[in-house]
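Look at the sequence and the structure shown here. The paragraphs that follow go through its strands, its sheet and its cores in turn.

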Amino acid sequence: IFTGCSDSVDFNPDEFYPSLAARYLRVSEKEFNFPSAKANQQSFVVSSIDTPWGFTDVMEWISLSKMSGQQSAEISLSVSENTSGDKERLGIFYVESKADDWAYNIPLSVYQPAATAYANPELSNITFTGSVSNQSIKISSNCEWSCKTDVDWLSAVKSGDTGSISVIANENLTNASRSASIGIYLSGRRLSVINVTQKAAG
C-alpha cells in the first residue's frame, strides 16, 4: 500500500464550496376536499430542514395563508365558493424546494364538487290565444341547461347564450283549448317546467 502527502497543495478557500446541508421537505396532508359552498379553512404543515420552499401553480380559486418560507410553517388553505351547477373543480398545485442544489416538489390536490344545479324560468305558466303566438322567457341558472316540449304544436328553443327560451305556439284550429309543458333539463334530469295553455280557435 502506498500513501503520500504533500505540504505544497495550492489551496484557495475562496474557490472551494463544500455543502453538507441536509435537505428535507414534507407536508402533513396532500389531499383536501371542500363542499361547493364557502367553507372553513383547512390547515396543514410544511416541514422543512435547511430547505427554503414555495408554492407554485396555485389556482385562482385557492387561497393559502403563506406562499413561501425558510423553515417549517403551518398553512391555512381555503377556497372560494363553486357557483357552477355542472362543473366540479380539481386543482393540483405544488410545494417545491427553492434550494439551488436540490430540485424537489410535492403535489397537493384540492377537490370541490359542483353546486346544486338550478334553472328557474321567470314564468312557470303561459296562456296563449288561439292564433300563432310567441314569447321569450328568461331563465336564471348556474348550469348549461337544455329544453324540450312534449307536443308538435309547440316549439321551445334555447336562444343562444342569452339565457332565455323562445316559445312559439302554432294556431289552434280546434274548438277546445289545449295544454302542454316545456321541460328544462340538465343531463337528462328535469330542473323545472313551464306549463303552456292555448285557448281555442276564434
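Two strands are said to pair if DSSP finds at least two bridges between them. The model you are looking at is predicted. In it, an open sheet is built from four strands, in the order β10-β12-β15-β14, and their pairing is antiparallel. Which strands stand at the edges? They are β10, residues 119–121, and β14, residues 154–158; each has a single partner strand, so one side of each is left without a neighbour in the sheet. From one strand to the next the twist averages 25°.

Strands of a sheet pair through backbone hydrogen bonds, and the pairing can be parallel or antiparallel. Three bridges join β10 to β12, which covers residues 133–141, and the two run antiparallel. Within this pair, Ala-119 is placed opposite Ser-141 of β12.

Next come the nonpolar cores. The largest one has 21 residues, and those with the most contacts inside it are Trp-145, Leu-154, Ile-165, Ile-182, Ile-194 and Val-196. At least two residues of this core come from each of β11, β12, β14, β15, β16 and β17. Of these, β16 gives the most, with four residues. What does Leu-154 touch, leaving out residues up to four places away in sequence? Its contacts are Phe-128, Thr-149, Val-167, Ile-168, Ala-169, Ala-180, Ile-182 and Val-196. Another core lies apart from the largest one; it has 20 residues, including Trp-53, Trp-61, Val-79 and Val-110.

Finally, consider a single residue of β17. Arg-189 belongs to this strand, which spans residues 189–198. Is Arg-189 buried, partly exposed or exposed? Buried means under 20% relative accessible area and exposed means over 50%, with partly exposed in between. Arg-189 has 47% relative accessibility, so it counts as partly exposed. Not counting residues up to four places away in sequence, Arg-189 touches Ala-117 and Ile-184. Ser-146 is 43 residues from Arg-189 along the chain, and the C-alpha atoms of the two are separated by 10.0 Å.

Technical notes:
Residues are numbered from 1 along each chain as its sequence is written. This is a predicted model: local features need pLDDT of at least 70, side-chain atom pairs count only at pLDDT 80 or more; totals for chains, interfaces and linings use all residues. Side-chain values use heavy atoms; hydrogens and water are left out. Axes are lines fitted to C-alpha atoms, for helices over the stretch in contact, and angles run from 0 to 180 degrees between N-to-C directions. Buried means under 20% relative accessible area, exposed over 50%, partly exposed in between (1.4 Å probe, protein chains only). Contact means heavy atoms within 4.5 Å. A nonpolar core is a set of buried Ala, Val, Leu, Ile, Met, Phe, Trp, Tyr and Cys residues joined through side-chain atoms within 4.5 Å.
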